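Work through the exercises below with the sequence and the 3D structure at hand. Try each task before reading its solution.

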Amino acid sequence: MYDYIIIGSGIAGLFTALLASKHGSVLLLTKAALEESNTRYAQGGIAAAISPSDSPRIHFEDTISAGAGLCDERAVEVLTNEAPGRIRDLLSLNVPFDRKDGELALGLEGAHRVRRVLHAGGDATGFHIEKTLCRALAHAGVEVVESCFVTEILIENGRAVGVTTIHDQIAESSESRTTTYHGHRIVLASGGAGQLFSHTTNPSVATGDGLALAYRAGAEVADIEFYQFHPTALAIPGQPAFLLSEALRGEGAYLRNSEGVRFMQQVHPQAELAPRDIVSRAISAEMAKNRATHVFLDLTHLPSEMIKSRFPTIYAYCRNVGLDMTVDPLPVAPAAHYLMGGVRTNLWGETNIPGLYACGEVACTGAHGANRLASNSLLEGLVFGARIVERTTNASSSKPSRGFSNPLKIHDTEEFVTRELHTQEPSLEDLRDLMWNRVGLVRDEPGLSEARNTLSAWQYSLPKPRTTAEFELSNMILIGRLMAIAARQRRESRGGHWRSDFPMSDPSWECHIVLSGAAAARSATEVR
Ligand SMILES: Cc1cc2nc3c(=O)[nH]c(=O)nc-3n(C[C@H](O)[C@H](O)[C@H](O)COP(=O)(O)OP(=O)(O)OC[C@H]3O[C@@H](n4cnc5c(N)ncnc54)[C@H](O)[C@@H]3O)c2cc1C
C-alpha cells in the first residue's frame with residue numbers, strides 16, 4: 001500500500017511526486033519513458049509575475065481576460081499569487097532559466113500585457129524542466145515504473161483505492177502483464193488529449209487517458225468543449241504539426257496571408273498577440289478566403305542573430321525541413337494544442353471521488369476558463385500539484401473548498417449512446433479526421449450531431465481493449481464523444497469553442513457544463 005500513486009511523468013506528476021516523497025511512499029506510473037510527456041516539448045516558457053513592473057494582480061487580470069468570462073477567480077488568484085513561489089522552487093532545483101545581464105530573462109507572449117515568461121535554453125523550456133525534475137526524482141526515493149499503462153482506477157466504498165495497469169512489453173499470456181497497485185491517494189497527472197485531432201502539436205502519449213479513467217470511475221468532467229487550437233504550427237504536407245511558439249510573435253514576428261499582407265491588425269487591437277482563439281480563427285478565415293492550406297509567419301525583418309540565439313530548437317527544426325527562418329517566411333496553420341477542461345477539481349486538486357486527485361492538463365481547476373493564457377499551463381501543474389501535497393499533509397488546510405460556481409450539470413450522458421447504428425470498427429485515423437472536421441476549430445449543429453452519433457456507435461462497436469493502443473483508442477472515443485456532447489449543448493461561441501451557427505457569446509451561457517461519470521461507470525462495461 002503506497003501513500004501516493006501518481007499517474008504521469010510530466011511537470012505535474014514529477015513535481016507532485018518530488019514533494020510527496022518528503023511525506024510518505026510514492027509510486028509513479030508512466031506509460032512511456034519517464035521523460036516522455038507534453039511538458040518535454042513546451043517551448044515558450046512558464047509565466048509568473050516576478051519583474052518589478054509586474055504583479056500577481058496584473059497576471060490575474062490577463063488570465064481572467066483571456067478566459068472569456070469563465071475563469072474561476074479563486075483558482076486564478078491561487079495560480080497567480082503562488083506562481084513566484086513555485087518558480088523559486090524550480091530555481092532551487094537548478095532549472096537553468098535563461099538570464100540577461102545576470103537577471104532572469106522574461107519573454108512576452110500573446111495577451112500578456114508585460115514580459116513575464118521565464119524560459120530555458122531559448123525555446124527548450126519544457127525539455128530543461130522535465131530533465132531537471134527527472135534528475136531530482138532519481139534521488140527522492142520514488143518508485144518509478146515506466147511503460148506501465150493505467151487501465152482503471154479502483155473504487156471501493158466510493159473511495160479511490162488503487163489502479164490496474166498493463167505492460168505491453170510483457171507477453172499477453174503472462175500473469176504479470178496486468179498488475180494492481182493500492183494507494184491511499186491516487187493522483188492523476190496524465191496530461192492532455194491532442195491526439196484526438198488529425199493536426200496536433202502534442203506527442204503520441206497525449207490520448208486523454210486520465211479523463212476517461214476518471215470519468216468511468218464516476219468523476220465529474222467539466223469545460224471539455226473548450227479546446228485550444230494553437231494558431232501557428234508548421235504546415236508542411238506529410239510532416240507533423242511542429243509548434244512555432246507564440247514567443248516568436250512576442251519577439252515581433254508577423255502573420256501574413258498568401259498575398260504577403262498582414263491581416264491581424266484589422267482583427268484585434270493586439271494584432272498578432274491577440275488571444276489564441278482569435279488568432280486561430282483569423283488564420284482559418286484567411287486560409288478559407290484564399291483557398292490556401294496555410295498563411296505565413298514572417299520573422300525576416302528581425303535580427304538573424306536574435307532569432308538563432310533565442311529560438312535555437314525551432315531554428316534547427318526548420319533548417320532540417322529546408323527552411324531558414326531568418327530569410328524564409330514559414331507556412332503555418334492552426335493545430336490542436338491544449339484542453340482547457342478536464343477532471344473537475346477544487347482548489348486543492350480534489351475531485352468528487354474521495355482519494356482521487358488531479359493536477360496539470362488533465363484537471364479542470366477553472367483557472368483557464370474558456371481559453372488558457374499562454375504559458376499558464378506548466379505553471380498550473382506546479383501550483384496545484386504542490387497544493388495536493390499540502391492538502392494531504394497539512395491538517396490546517398483541511399477545510400472543504402467548493403467546486404466551480406454556476407455549473408450546468410448533465411448527468412446521464414449515456415443516454416446518447418446509439419446502439420442501433422451499426423458501424424465498422426473505427427481506426428485512429430477515422431477518429432482524428434472526424435474530430436478535426438466536426439469538433440475542431442469551427443463547429444455547428446449538424447457536424448456535432450454527426451460526430452456524437454458516430455462516436456456513440458463506435459464506442460458501442462469496440463471490442464474489449466487488450467493492448468495499450470486499444471485502450472487509448474477506446475479512451476479517445478469516449479472523450480471525443482463527451483467533447484461533442486458538451487460542444488453541441490453550448491449554443492454560443494466563447495474562447496476555445498466556436499460555433500458558426502451561434503457566433504456570439506451569450507451571457508446566459510456563463511456557466512460550466514459538467515458531465516457526470518456516475519452513469520457512465522455503469523454503462524461503459526455494458527457498452528463493450
Ligand atoms: C509543443 C508544445 C509546446 C507547449 N508550450 C508550452 C509553453 O511554452 N508553456 C506552457 O505553459 N505550456 C506549454 N504547452 C502545454 C504544456 O506543455 C502542457 O499543458 C503541460 O506540459 C502538461 O503537463 P502535465 O504534467 O499535466 O502532462 P504531460 O506533460 O503531458 O504528462 C502526462 C504524463 O502522463 C503519462 N500518461 C498519460 N496517460 C497515461 C496512462 N494511461 N498510464 C500511465 N501514464 C500515462 C504520459 O506518458 C506523460 O508522462 C505546450 C504543449 C506542447 C505540446
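**Exercise 1: a strand and its partner**

In this predicted model, Ile7 has Leu29 as its bridge partner in strand β2.

Task: In which sense do β1 and β2 pair, and over how many bridges? Which residues lie on each side of β2?

Solution. 
Step 1. Locate the strands: β1 covers residues 2–7, and β2 covers residues 26–29.
Step 2. Read the pairing. β1 and β2 run in the parallel sense and are joined over four bridges.
Step 3. Sort the side chains of β2. Val26 and Leu28 are on one side, and Leu27 and Leu29 are on the other.
Step 4. Check burial. These four residues are all buried, so each has under 20% relative accessible area. Both faces of β2 are therefore covered.

**Exercise 2: another strand**

Task: How many residues of strand β21 are buried, and which residue stands opposite Leu515?

Solution. 
Step 1. β21 spans residues 512–516, and five of its five residues are buried.
Step 2. His512, Val514 and Ser516 point one way, while Ile513 and Leu515 point the other way.
Step 3. Strand β12 (residues 220–222) is joined to β21 by three bridges, and the two run antiparallel.
Step 4. The residue opposite Leu515 of β21 is Val221.

**Exercise 3: two helices against α13**

Task: Are α11 and α12 roughly parallel or roughly antiparallel to α13?

Solution. 
Step 1. Take α11 (residues 428–438) with α13 (residues 468–489): they pack at about 15 degrees, with axes 11 Å apart. Angles under 35 degrees count as roughly parallel, so α11 is roughly parallel to α13.
Step 2. List the contact. Leu428, Leu431 and Met435 of α11 meet Leu473, Met476, Ile477, Gly480 and Met483 of α13. By class, this contact has seven nonpolar residues, one polar and no charged ones.
Step 3. Take α12 (residues 445–461) with α13: the angle is about 150 degrees and the axes are 9 Å apart. Angles over 145 degrees count as roughly antiparallel, so α12 is roughly antiparallel to α13.
Step 4. Look at the second contact. Its α12 residues include Leu448, Arg452, Leu455 and Trp458, and its α13 residues include Ile477, Gly480, Arg481 and Ile485. The residues of this contact divide into nine nonpolar, four polar and four charged.
Step 5. The crossing of α11 and α13 is left-handed, and the crossing of α12 and α13 is left-handed.

Conventions:
Residues are numbered from 1 along each chain as its sequence is written. This is a predicted model: local features need pLDDT of at least 70, side-chain atom pairs count only at pLDDT 80 or more; totals for chains, interfaces and linings use all residues. Side-chain values use heavy atoms; hydrogens and water are left out. Axes are lines fitted to C-alpha atoms, for helices over the stretch in contact, and angles run from 0 to 180 degrees between N-to-C directions. Angles under 35 degrees count as roughly parallel, over 145 as roughly antiparallel, 65 to 115 as roughly perpendicular and the rest as oblique. A crossing is left-handed if the near helix is turned anticlockwise from the far one by less than a right angle, and right-handed if clockwise. Contact means heavy atoms within 4.5 Å. Ala, Val, Leu, Ile, Met, Phe, Trp, Tyr, Cys and Pro count as nonpolar, Asp, Glu, Lys and Arg as charged, and the others, Gly among them, as polar. Buried means under 20% relative accessible area, exposed over 50%, partly exposed in between (1.4 Å probe, protein chains only). Two strands pair if DSSP finds at least two bridges between them.
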